[in-house]
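We will go from stop to stop, with something to select at each one.

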Amino acid sequence: MDEKTRGQLEIGIDGMTCASCSARVERALGKLPGVTSASVNLATERAEVFFDPQQLDAVRIAGAIRETGYTPVTDEIDLVVEGMTCASCVGRVERALRKQSAVLEAVVNLATERAHVRYIPAMISTNELASIVSAAGYAAHPVQEDEGQDGNETDQRRASLRAMGRDVIVAAVLAMAILVLSMGASFFPAFDRALMITSPFAHFWEWVQFVLASIVLFGPGRRFFKPGLIAYRHLSPDMNSLVATGTGAAWAYSALVLVAPAWFPLNARHVYFDSAAVVIAAVLAGKYLEGLAKGRTSSAIRKLVGLQAKTAHRLDANSIEHEVPVSRLRTGERIVVRPGERIPVDGRVVEGRAHVDEAMLTGEPLPSVKTMDDNVVGGTICHDGRLVVEATSVGHDTVLAHIIHLVESAQTGKLPIQGLTDRAVRVFTPVVLVFALTTFGVWIALTGNVSIALVAAVAVLVVACPCAMGLATPAAIMVGTGRAAELGVLFRKGEALETLSHVDTVLFDKTGTLTEGRPALVDQGGPDPAEALRLAAALESASEHPLGRAIVSAADERDMHLPMVKNFHSIAGYGIEGEVEGRMVRVGARRLMERENIPLGDSVKTTAQIESDGRTVVFVAVDATLIGWLAIADRIKPEAYAVVQALRARGLQVGMVTGDGRATAESVARQLHIEQVHAEVLPQDKAKVVTQLQAQGRRVAFVGDGINDAPALAQAHVGIALASGTDIAIEAADVTLTRGQLGEVVTALTAARRTLSNIRGNLFWAFFYNILLIPVAAGVAVPIGIHLNPMVAGVAMGLSSVFVLSNSLRLKRLKAYVPTLTPGAVQNTALKPAHS
């Protein structure tokens, strides 16, 4: 291997502290196949590796460093790529980036017109990455940090769309004029006579068509010719190349017929300026409609960006307000928020009281009260009152910025289903060019008429549409993930969409997911249950026990007046006692009643059954008489039953995993009709349950609250985390339910399945369209009287990608699943006596 073919890589390494660290990394790199030499410098914290590119790449080198326990220094960037029109363009940009040894990963999205690049900053800069894309024939620049906030990109797209709209009008008007001149005489003989009378010389009106068609092709049509020629130069023809070749051939042939008619036999002296001009106008109109539809597909991101405040009122050291751009705010600074304003950053209220609308985050329509020491989230609206907020997170660290980043990340990614499309697109345009040449040759051989052969070849070039194939997946992902985000479902990566659509088992964590995660009064009984609750709450108000807080909360919900307590005593392991209204009141477990020789009467059998269901029973006695009992449990969420049944109705198996005892777990499972129960499982062992199900061939989604479920969330095919307001960026989860509502699990599943179904429909149309119409354009259906005119072919090509985008936009109709309690649902939320 000589110097020219040898690969060289320089990469930064974090975490090395001594010479043995650098030596360990060096040994690991030296063992890789294809490495000719590797040296690690502890002082510069860099490694230099020489290797054979045929055996090794940068990704494996970075992986080897990571496996030794150190962190390879990499970075990520999004580039705005302008001028891409089809899937071939996407492939060319990706190949140009991936050829660089410093690029670890490059994913280009046609719908968002962005490239996401993971690279080694020690070897290449962001400007160099943009230059590589530019050298491939496309304008590119890094996404600015405030680009989404100031709307520059949106303004640029609008300006570009307006310019394209003007070009469409010019092309359409001139193409219509050419059509009238070329075909008007066929319908109106009088018009033919008028043209002949007014013609100053022979073929005058054909020359007029030539001038008008030239304006169309080299005016509005420059959008296809310039990038099409660049693509040819890079030996990577695309849709622009096909359109430019087809219309250019029609225009050139027609011009030659005018300039040198003697070169052609009499039956081949036809001009096709009308076809060239109409094709340009039709395809351009299709691209314009495509641009409009693309704008609608990205509406979710724009809505989220629109929630961000542009300016803020910052307080200086003298408590004087200054209006500053949000980008200049720093953590620890204090901001004034007035009524009607959006809160600009995440922070903590240090002064004031106001109602804040958090619907964008929680989905709750009613504003919540915020006062001293309450946390607030940027993007929410202060309805009334004045708040002084101390910034705790600014810029890209805010909750709203995290949400926007997650949505953009999901929209940028590629799904496994797109692999077939990428492989097809790689050879599509060259195959079409060969097919067009073959068509031309066959028709020449069959008819000997250059004119007929040219029309067929041009029709093949123009009707072929790689655009629809390129947009089929990313357009659906954009709309699907965007709409899901509006409904409170965030997909961390686009791949989670496809994986979730194939899931056949949903495993729920119990505590905090199926249940509310805190003790609550779920039943009561005995001779006087209401009085038992009042006196127990009075006594428990002096206790700090969690069960005691549940009793006090239940009394508060009933607006009970709690009397004073004297001589309060806590009896370890038994309960509590004290004087209330001059009587001795005892509240505790069954053993407290037995110790004090207080008979339980008929309550023995009833409470034994309740305890066997995993609930905790607290007995209440006044002096030496039992007056009632209270059953406390972690209350099942009201919507849990409906959600479980909805998942089962959709063909999924539902299981539950919990660290609680078998009796408690089976009681909850019985009420929710869950058949698979994994009880007494330690938090660190939940992932093992997922692994066991996967070993049985199940595709598992794990649903948890994200607090101690990280291993299980990461192990599952899809981890779904119920977030609570500010913890939307749970790293271990593939899907985050931002409003923390259990019904969003069904919404997420529906969004995934509908989006994948939409993608399959798009791909079917894109492939079916090309497989059907390319042969028809070539003339295989001529024996049965069907022939595709290039003008019709151009209209069909323009509308094919519009169809794909319109089909994707149907995903905007996705509705959130709203769980309802049915007669068979769990009714354990009532506090009225169920037993006596």
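The tour starts with the whole chain and then moves through single sites.

**Before you start**

This is a predicted model, where local features need pLDDT of at least 70, side-chain atom pairs count only at pLDDT 80 or more, and totals for chains, interfaces and linings use all residues. Residues are numbered from 1 along each chain as its sequence is written, and side-chain values use heavy atoms, with hydrogens and water left out.

**Stop 1: the whole chain**

Select everything and colour by pLDDT, the predictor's confidence in each residue, from 0 to 100. The mean for the protein chain is 80, and 87% of its residues reach 70 or more. Switch to cartoon and you have 29 helices and 30 strands; helices (H or I, at least four residues) and strands (E, at least two) are DSSP runs, numbered from the N terminus. Of the 836 residues, 52% are buried, where buried means under 20% relative accessible area, exposed over 50%, and partly exposed in between (1.4 Å probe, protein chains only). Among contacts (heavy atoms within 4.5 Å) between residues at least 6 apart in sequence, 70% join residues at least 24 apart.

Now select 822–836, where pLDDT stays under 50 and the model has 39 contacts beyond four places in sequence. Residues 146–150 also stay under 50, with nine such contacts. Where pLDDT is low, the predicted coordinates should not be read in detail.

**Stop 2: the annotated transmembrane spans**

An unreviewed UniProt entry gives the annotation "transmembrane region" to several spans, including 270–289, 763–786 and 792–809. UniProt positions are given in the numbering used here, feature names are shortened, and annotations may be inferred rather than shown by experiment. Select 270–289: the span is 85% helix and 0% strand, and its end C-alpha atoms lie 32 Å apart. Residues 763–786 are 67% helix and 0% strand, with 26 Å between the end C-alpha atoms.

Next, pick Ala796 in helix H29. Which residues does Ala796 touch, not counting those up to four places away in sequence? The answer is Tyr769 and Leu773.

**Stop 3: a nonpolar patch**

Show Leu289, Leu292, Val795 and Leu799 as surface; they make a nonpolar patch of about 310 Å². Helix H11 (273–297) and helix H29 (790–809) are the elements that give two or more residues to the patch. Patches are made of residues with over 30% relative accessible area and no salt bridge, with like charges joined within 9 Å and nonpolar side chains (Val, Leu, Ile, Met, Phe, Trp, Tyr) within 5 Å. Leu799, in helix H29, is partly exposed at 46% relative accessible area.

**Stop 4: a buried strand residue**

Select Ile632 in strand S25 (residues 625–636). Is Ile632 buried or exposed? Ile632 is buried, with a relative accessible area of 2%. Its contacts beyond four places in sequence include Pro519, Leu547, Ile551 and Val618. The C-alpha atom of Asp523, 109 residues away along the chain, is 7.1 Å from that of Ile632.

**Stop 5: two loop residues with positive phi**

Go to Asn597, in the loop between helix H22 (590–595) and helix H23 (603–612). Asn597 has a positive phi of about 55° although it is not a glycine, and counts as exposed at 66% relative accessibility. Then select His673, in the loop between helix H25 (662–672) and strand S27 (676–678). The phi of His673 is near 60°, and His673 is partly exposed at 39%.

**Stop 6: salt bridges**

The structure holds 27 salt bridges, each a side-chain nitrogen of Lys or Arg within 4 Å of a carboxyl oxygen of Asp or Glu.

- Select Arg118 and Glu105, whose closest N and O atoms are 3.5 Å apart. Arg118 lies in strand S7 (residues 114–119) and Glu105 in strand S6 (residues 103–109), so the bridge ties together parts 13 residues apart in sequence.
- Select Arg348 and Glu390, with closest N and O atoms also at 3.5 Å. This pair links strand S12 (residues 346–351) to strand S17 (residues 387–393), 42 residues apart.
- Select Glu611 and Arg590, where the closest N and O atoms are 2.9 Å apart. Glu611 is in helix H23 and Arg590 in helix H22, so the pair ties together parts 21 residues apart in sequence. Glu611 is partly exposed at 30%, whereas Arg590 is buried at 18%.

Notes: Areas by Shrake-Rupley, 256 points an atom, 1.4 Å probe, with all protein chains shown as cover.
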